[in-house]
Amino acid sequence: MLRIHEVYQSIQGESTLAGMPCTFIRLAGCPLRCVYCDTPQAIPLDSGQTQSLDEILQALPKPQTPLALVTGGEPLAQKHCSALLDALVKRYQYVQLETAGAHDIATVPSQVSIILDIKTPGSGEVGRNRWQNMQCLSTNTEVKFVLTNREDYDWAKSIMAKYGLAQQCTVLMSCAWGSLTAQDLAAWIIQDHLPVRMQLQLHKYIWGAEAVGV
Ligand code: SF4
């Protein structure tokens with residue numbers, strides 16, 4: 001059984017698959033409290049409904065999108081998340097998991113592309129990073145830094161260097177909405193010739209920053 005906050009189809013707004021039609025499976029509950037959280041409605045575990053794996057799979061929207069994203073909340077806080085991922089990789093061409101990285105990612109099926117959100121000091125949750133996860137990176141992993149200011153950017157660069165991230169996986173950098181401008185981040189990346197992929201949250205440009213369920 002899993003606690004599901006919502007399931008809907010939209011456009012993937014982030015990651016290297018940004019722009020693709022995507023089925024979002026948002027799990028309820030998150031033990032973190034990032035200052036910029038844009039899905040606070042999914043933080044409480046009781047914001048969701050308990051469903052069996054069969055019920056979740058039968059209710060998936062049709063026609064099916066090529067991509068499914070399991071997100072939250074924090075999906076890996078639910079012990080049956082890996083069973084859901086296992087079932088999805090049999091049904092979808094691409095499956096992504098978005099996780100804050102406070103939990104062990106070693107149990108995630110290898111076919112799943114993990115978007116590992118490393119929490120910066122500006123998030124207020126830097127102490128929750130599970131650094132053992134750096135041993136589990138692969139070319140199918142995308143490490144993401146959401147940056148609130150210049151200090152976060154410099155910190156992210158130091159983490160990239162310490163763990164050799166750019167040599168192991170895709171590194172994404174994005175702005176915490178309302179805290180850092182895309183122009184500033186772009187200028188820093190260009191100046192440093194940083195081997196990262198800057199990303200904007202497409203869904204916020206399409207539907208607005210306050211829209212939910214899109
Ligand atoms: S980990 Fe994600 S869902 Fe949880 S508080 Fe942080 S931004 Fe929100």
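**Exercise 1. Count the helices and strands of the protein.**

Welcome! The protein contains six helices and nine strands, where helices (H or I, at least four residues) and strands (E, at least two) are DSSP runs numbered from the N terminus. This is a predicted model, in which local features need pLDDT of at least 70 and side-chain atom pairs count only at pLDDT 80 or more, while totals for chains, interfaces and linings use all residues. Residues are numbered from 1 along each chain as its sequence is written.

**Exercise 2. Work out the order of the strands in the sheet, and find which strands stand at the edges.**

Step 1. The order of the open sheet is β3-β1-β2-β4-β5-β6-β7-β8-β9, with mixed pairing; two strands pair if DSSP finds at least two bridges between them.

Step 2. At the edges are β3 (49-51) and β9 (197-198); each has a single partner strand, so one side of each lacks a neighbour in the sheet.

Step 3. Now look at which helix packs on this sheet: α5 (residues 182-192) touches β7 (141-147), β8 (170-175) and β9, and its direction makes about 145° with that of β8. Touching rests on contacts (C-beta atoms, placed from the backbone, within 7 Å), and the angle, on a scale from 0 to 180 degrees, is between N-to-C directions of lines fitted to C-alpha atoms, for helices over the stretch in contact.

**Exercise 3. Follow L67 to the residues it stands opposite.**

Step 1. Strand β2 (residues 21-27) pairs with β4 (residues 67-71) in the parallel sense, over five bridges. Here C22 stands opposite L67 in β4.

Step 2. β4 also pairs with β5 in the parallel sense, over four bridges, and L67 stands opposite Y94 in β5.

Step 3. In β5 (residues 94-99), five of the six residues are buried, that is, 20 or more other C-beta atoms lie within 10 Å of their own; 12 or fewer means exposed, anything in between partly exposed, with C-beta atoms placed from the backbone.

**Exercise 4. Decide whether T181 is buried or exposed.**

Step 1. Find T181 in the loop between β8 and α5.

Step 2. T181 counts as exposed because it has 10 C-beta neighbours inside 10 Å.

How values were computed. Contact = placed C-beta atoms within 7 Å.
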